[in-house]
Amino acid sequence: MTLQKLTRPWTAFNYGFLDESAKRELRRRILKAIAVPGYQVPYASREVPIARGWGTGGLQVTLTLLKPTSVVKVIDQGADDSVNASSIRKFVGRVGGAVETEDTMEATIIQSRHRIPEEKLREDQILVLQVPNPEPLRPVQPDMSVAREMHGDADYGQLWLILYEQLVKAGRIMQGSSYPSMVNGRHVMTPSPIPRWDVPKLNQADHLTILSAGREKRIFAVPPYTSVEPLVFDDVPYRVEDHQDKTCYRSDVSGFFMNELPQDDGSSLYELSDSHFGVKNIQKSEGEAIEIGETWYKNGRVK
Amino acid sequence: MAYVATRGGERAIEQAERLFRDDLGTITRERIEAVRNGLPYLIDRVMGEASLYEPDLAALALAQAGGDLYEAVLLLRAYRTTQPRLTVAEPVAQTDLFTVRRISAAFKDIPGGQILGPTLDYSHRLLQVGVLKGESYTPDPVIPAAEPAPAVQPSLATWQKAQGLIKDYPAETVAPDDIPDLTREPLLFPASRAHKLQSLARADTGGTLALGYSTMRGYGSVHPTVNELRLAEAPVRMRHPCGTIFSAGRVRVSQTEVVSKAMELELGFSATFGWNEVKVIAAATLDLASNQPNPHPASNEEFVLYHTEPVESSGFCIHFKLPHYVTFQSSLDALRRVKTDREEATAGKIVAEAEDQSEEEEVAL
């Protein structure tokens, strides 16, 4: 018996980059986050080899969930081929040997910055959202320690107040993305800067969503079949972006969230924001045997 | 028509990275040594902010990043976090420090004496431009003192405490594994003393200076006096599994105590890896200021510790280069709606007014 036989051969880093103690901490925090939907659980948040603010929170969760049989999809603003999504996907492949995919239906883990895919996620899929600012109360209370007490007291009056002020000043609720939403009737969370279009996809979903802010060191979750209700007044209904009737100039598909592409003549073209969903639609129209999953929105309306 | 293939993005980022590295050329062992030996204060600054004491790795990080400090600190932090925490070294008291520089602004002379040590404080800041013309610059030799300064020095604060000038707090005994570790736990507020000093120890030098300077200038009630500033080498002593304590080497450290002259003398403290006087004076001032009742935001503990974190602040700052077109589209939608609402409302009003008028005309007829 030699010491060498008892140890594993030297490697530059652990499987999934993070060391086991970091993964264990993260798993415990994730479990707590699932147990208390919408509650922000503080965690140590290790440095990873990409810059803070570039998806380090989401990456730590993905690396913790990773196993050799995982199929990982990474999207940035809806696109798989965005440079940062490419970089993260490459890193996950490098340290975890996971299979990379662009197809929402094939993925077991989907790490996303600011979009939820248009195809419905299943119970066996986990959505990991990158979160720049985990605190919905930040506009009314920049101190995190005070905001934490306000969450404890469910003291959300000021959030309704700013929405009301927007209504009075602009005639409309001006909140664009990151629409504050009540989770499980108890904690208000920010759904991360996903468009309003995507918030209804979190409500009573089949899949688990984990939201992780690496820089701000907070993790929270929406477990499957949990209510997520945008903060609205009884007489002012929640409105998603006016994209119901826009048509993608590449795929000819309409009724989904679009990217607007300004044109020289002053007009705009639109293309599907969910890039691989667009690719699949094009492939299908060209006669390829492509399976397109059930979508949350049908004819531009959420079911 | 198909979407741009995914390879496009991947190829672009790969080539962009190659372009950056191509500008720096081949990194050799000689370059690392030149950086390490020629720029020790830069190495110190980076090691402090990375909270990783390893001059070779710091030099490598600087060389790889082409001197970009935030990139170098991130490289070291990302390496550090993968390393196991083997043990906790024995605590180092001020009297254990091999002190090379020690000054106090509070007294003309202090027990143990003022020791200037290596400093540019009183130098004339003149560029030796002759070097550019090929004349090497060799500094004048140091003439040793008649008597060498003692390697270790007493603590001035201990003398002040004995005089009853500064309140003494009993030292807490904490088991080594129970010492709070900022790199393994989240920073929460109110922060523990350990977390606060650890956070300041690895804070951004520039950020610490900016906030510390604002406090010194008047955004806050603290007008600090440097009670004692030290540049030293601290012995790293570890406990062997069989119980004996042995030295594993030394690390360069700086530390500062500042004292307030308000109602009573109060100490602010900061220490960091490496010799970095600006940072420890600024950080000790922030420590002192943050302990005051209702501190100004510039010295509020949460404000200071969050915003002087070099990896987090720099990362967030540069993340604004990432595409934000989905969030932008979402805001644009709301803005456009307000505009169309207003136009519709105005049009409605004109129609209504026109109708009113025609009714009046009818009545007149």
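## Exercises on a two-chain predicted model

Helix 4 (residues 83–96) of chain A lies across strand 2, strand 3 and strand 4 of chain A, at about 160° to strand 2 of chain A. Angles run from 0 to 180 degrees between N-to-C directions, with axes fitted to C-alpha atoms, for helices over the stretch in contact. Helices (H or I, at least four residues) and strands (E, at least two) are DSSP runs, numbered from the N terminus.

This is a predicted model: local features need pLDDT of at least 70, side-chain atom pairs count only at pLDDT 80 or more, and totals for chains, interfaces and linings use all residues. Residues are numbered from 1 along each chain as its sequence is written, and chains are lettered from A and ligands numbered from 1 in the order in which they are written.

**Exercise 1.** Find the strand order and the edge strands of the open sheet of seven strands in chain A.

*Solution.* 
- Read the order: 1-9-8-5-4-2-3, with mixed pairing. Strands pair if DSSP finds at least two bridges between them.
- Look for strands that pair on one side only: strand 1 (41–42) and strand 3 (99–100) of chain A.
- Now go inside the sheet. Strand 5 (residues 126–130) and strand 8 (residues 208–213) of chain A pair in the parallel sense over five bridges. A:V128 has A:I210 in strand 8 of chain A as its bridge partner.
- Helix 3 (residues 56–65) of chain A runs at about 155° to strand 5 of chain A.

**Exercise 2.** Decide why A:E260 counts as partly exposed, and list what A:E260 touches.

*Solution.* 
- Locate A:E260: strand 11 (residues 258–262) of chain A.
- Count neighbours. A:E260 is partly exposed because it has 17 C-beta neighbours inside 10 Å. The cut-offs are 20 or more other C-beta atoms within 10 Å for buried and 12 or fewer for exposed, with partly exposed in between; C-beta atoms are placed from the backbone.
- List contacts (C-beta atoms, placed from the backbone, within 7 Å). Leaving out residues up to four places away in sequence, A:E260 touches A:S268, A:Y270 and B:Q329.

**Exercise 3.** Judge how covered helix 7 (residues 275–285) of chain A is.

*Solution.* 
- Eight of the 11 residues of helix 7 of chain A are buried. Among them are A:F277, A:V279 and A:I282.
- Strand 12 (268–272) of chain A is part of the cover.
- Just after helix 7 of chain A, A:G287 takes a positive phi of about 95°.

Definitions and conventions:
Contact = placed C-beta atoms within 7 Å.
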